Structure formats: C-alpha cells, structure tokens
Amino acid sequence: MKDSGFFPKFINLGSGDLSTLLNQEIQVPNNSKLILIASTNGNEIDIFGVSDNFSGNVGDIELSNGFSVMFDERIQGDLFSDTGETLPTSLNLFQNTSSGPVQINWLRC
C-alpha cells in the first residue's frame with residue numbers, strides 16, 4: 001500500500017444484476033485502489049476481483065475473513081500512478097464455487 005494510513009471506503013452498489021451494477025460512474029480520490037467483492041446470496045463473498053498483475057493461486061485468497069479481504073494487496077487494483085496519473089485498471093472476476101474459484105469475466109476501469 002502506498003499509504004500506511006489507508007483504510008478502505010466501501011461503496012454499496014445495491015442489489016441486482018452484477019453487469020448493471022458495475023456499469024456506473026463512481027468518483028474516487030487520488031491514490032485510490034479498487035477492490036471488488038460481491039455476494040450472490042447476501043451471506044458470503046463469492047464474487048471477487050484480482051488485479052491483472054496477480055501472481056499466485058486465486059484459491060488461496062481468504063474470503064471468509066472481511067478484514068483479510070479489505071487489506072489483501074493481491075486483490076487491489078491501482079487506479080493511479082505514484083505521480084497521480086489515472087491508470088487503466090483491470091480486474092479478473094472470479095466466482096467461488098464448491099470446486100474452487102472460476103473466472104467469470106473481467107472489469108476494465
């Protein structure tokens with residue numbers, strides 16, 4: 001993380017079709033990072049994004065602990081460079097299934 005005082009601000013996009021919910025403009029301050037988590041049943045995180053530069057096993061990401069998810073740098077996408085310029089950011093979207101995470105789509109910001 002660029003700033004050790006970082007604490008995430010979550011924006012509730014509401015309920016409904018994921019594609020529709022993600023097709024809206026959201027204003028964010030400089031040095032923001034993107035974390036995408038969602039729930040299809042309202043009880044647990046089962047949809048999540050990982051940045052394009054993620055290396056490792058997606059199945060190792062701990063989704064059952066909310067604090068772990070909020071601060072896991074592996075799933076954060078940088079929206080700005082160190083100089084404050086906007087970066088094209090991509091997240092690969094996964095759905096956690098009984099047989100493990102399956103890539104379902106991607107999101108480009």
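Trainee: How far apart are the mean positions of the positive and negative charges of the chain?

Mentor: This is a predicted model, where local features need pLDDT of at least 70, side-chain atom pairs count only at pLDDT 80 or more, and totals for chains, interfaces and linings use all residues. Side-chain values use heavy atoms, without hydrogens and water, and residues are numbered from 1 along each chain as its sequence is written. Lys and Arg count as positive, Asp and Glu as negative; His and the chain ends are not counted. Each charge is placed at NZ of Lys, CZ of Arg, CG of Asp or CD of Glu; for the 5 positive and 13 negative charges, the mean positions lie 5 Å apart.

Trainee: Which element has the highest mean pLDDT?

Mentor: pLDDT is the predictor's confidence in each residue, from 0 to 100. Elements are DSSP runs: helices (H or I, at least four residues) and strands (E, at least two), numbered from the N terminus. Helix 1 (residues 18-21) has the lowest mean, 80; the highest, 89, belongs to strand 5 (residues 90-97).

Trainee: What pattern do the elements follow along the sequence?

Mentor: The chain has 2 helices and 6 strands. Read in sequence order, they give α-β-β-β-α-β-β-β.

Trainee: What share of the residues is buried?

Mentor: Buried means under 20% relative accessible area (1.4 Å probe, protein chains only). The chain has 109 residues, and the buried share is 31%.

Trainee: What is the mean pLDDT of the chain?

Mentor: In the chain, 93% of residues reach 70 or more. The mean is 82.

Terms used:
Buried means under 20% relative accessible area, exposed over 50%, partly exposed in between (1.4 Å probe, protein chains only).
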